[in-house]
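Dear colleague,

Here is the structure I said I would hand over.

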Amino acid sequence: MASLSVKPGQRFTLPDWQNNSLLISADAEQQRFNSHHVRQEGRALRNETGNQAKWDEHNSRTQLKDRITTVDRWRETLARCLTDIDLEIDALTKVKEAAENAIQAKNLWLDVAIECLTFRESRRDIDVVRDPVEEELHREVKVIEKTKKELQQRVDDAFKQLCLLKEARQLLSSDYRHKVEALELDRQCMSFNPTSGNISFKVNPTRIPNGSTALSEWEQNSRCNKERADAEIKGSVDLRGAVTLSIAQTNNELDAQRIAAEFALRKRMRDMEAALNELRWQEQNTLEEIAEMEEEIRQLEEDIRKRTLDLKVAHTRLETRTYRPHIELCRDQVPH
């Protein structure tokens with residue numbers, strides 16, 4: 001008779017089986033609940049991070065726009081300042097050249113005054129006098145040398161001011177170029193978006209680069225550059241006025257001294273012409289007197305010749321009467 005085959009192992013009861021099914025169902029429900037909770041938290045996190053990302057991007061874009069506006073405003077300010085300083089450099093250069101030309105003109109006047117003094121050294125004898133003309137010419141030489149020294153000092157001051165202006169312009173130009181480059185980079189950053197093809201992860205993007213400065217230091221640097229340029233422009237404007245005034249004053253001084261020297265020279269020429277006319281008049285009178293004296297001498301000589309003949313007649317008569325004979329040789333009144 002065949003025996004019943006029974007699978008070896010533990011046998012569970014129906015309640016155990018039912019309990020196991022209930023446990024599996026309960027665990028599945030719990031896992032689904034946990035999954036739903038996690039999904040809800042993930043959805044909330046996605047919403048939160050999405051909103052935060054949008055807000056952060058909006059805030060970053062707003063701050064970037066504000067930064068671009070600030071940098072662009074400083075760029076325009078520096079550009080205007082660069083234009084002003086370029087115009088001032090050109091104006092001061094022209095004034096400096098005018099002062100140098102004035103010095104060259106003074107050299108010509110100095111040569112003329114020295115040549116006049118040299119010519120007057122050719123005078124002879126009593127005409128070599130220290131007259132007002134010589135004094136005015138020496139004074140003119142001193143005035144020219146003084147004005148040349150003053151103008152040369154102005155030229156040196158203008159050269160130094162030009163160096164300061166160019167140095168300030170160099171700082172402005174460098175700051176301007178840097179701001180232009182910064183604007184290009186910031187505008188490029190403004191163009192980036194999630195669909196851009198040139199975006200990627202970077203190594204330590206939040207690092208602080210070497211040589212970076214604080215915002216207050218950045219603004220202070222630009223302000224200092226502008227204030228220095230403004231100060232140098234103002235100093236240059238004042239110097240241009242002083243140089244122009246010096247040129248006018250030195251020209252007026254030289255013109256006044258030149259007029260004084262020419263007046264003294266004309267007066268001296270009139271005195272010399274009067275003295276020359278007087279000498280000519282005296283010479284003419286003397287020559288006439290000499291001619292009259294020569295005529296008088298000639299007449300005296302003629303009279304002497306005539307008196308000599310009369311004397312010879314008297315001598316001859318007296319000698320002849322000495323030959324009277326005897327008693328006739330008497331001292332009568334005839335010899336007297």
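The notes below go from overall shape to single residues.

This is a predicted model, in which local features need pLDDT of at least 70, side-chain atom pairs count only at pLDDT 80 or more, and totals for chains, interfaces and linings use all residues. Residues are numbered from 1 along each chain as its sequence is written, and side-chain values use heavy atoms, with hydrogens and water left out.

Overall shape

The secondary structure amounts to three helices and zero strands, in the order α-α-α along the sequence. Helices (H or I, at least four residues) and strands (E, at least two) are DSSP runs, numbered from the N terminus. Along the principal axes, the C-alpha atoms fill a box of roughly 265 × 35 × 30 Å. The radius of gyration is 62 Å, whereas a compact globule of 336 residues would have one near 20 Å. That radius is taken over C-alpha atoms, and the globule rule is 2.2 Å times the number of residues to the power 0.38.

Of the 336 residues, 20% are buried. Buried means under 20% relative accessible area, exposed means over 50%, and partly exposed lies in between (1.4 Å probe, protein chains only). Taking contacts between residues at least 6 apart in sequence, 88% join residues at least 24 apart; a contact means heavy atoms within 4.5 Å.

Domains and annotation

The domain assignment gives domain 1 (35-191 + 220-289) and domain 2 (293-324), with bounds that come from an automatic or database domain assignment. Their C-alpha centres lie 101 Å apart.

In an unreviewed entry, UniProt lists residues 134-161 and 269-310 as "coiled-coil region". UniProt positions are given in the numbering used here, feature names are shortened, and annotations may be inferred rather than shown by experiment. In the model, residues 134-161 are 100% helix and 0% strand, with the end C-alpha atoms 40 Å apart. Residues 269-310 are also 100% helix and 0% strand, and there the end C-alpha atoms lie 60 Å apart.

Residues in helix H2

Lys179 is in helix H2 (residues 132-191). Is Lys179 buried or exposed? Lys179 is buried, with a relative accessible area of 3%. Beyond its neighbours within four places in sequence, Lys179 is in contact with Val71, Trp74, Arg75, Leu78, Trp218 and Ser222.

Arg177 and Leu78 are 99 residues apart in sequence, and their C-alpha atoms are 9.9 Å apart in space.

Residues in helix H3

Gln257 belongs to helix H3 (residues 215-321). With a relative accessible area of 9%, Gln257 is buried. Leaving out its neighbours within four places in sequence, Gln257 is in contact with Glu136, Arg139, Glu140 and Val143.

Ala248 lies in helix H3 and is partly exposed, with a relative accessible area of 34%. The C-alpha atoms of Ala248 and Glu29 are separated by 106 Å, at 219 residues apart along the chain.

Regards
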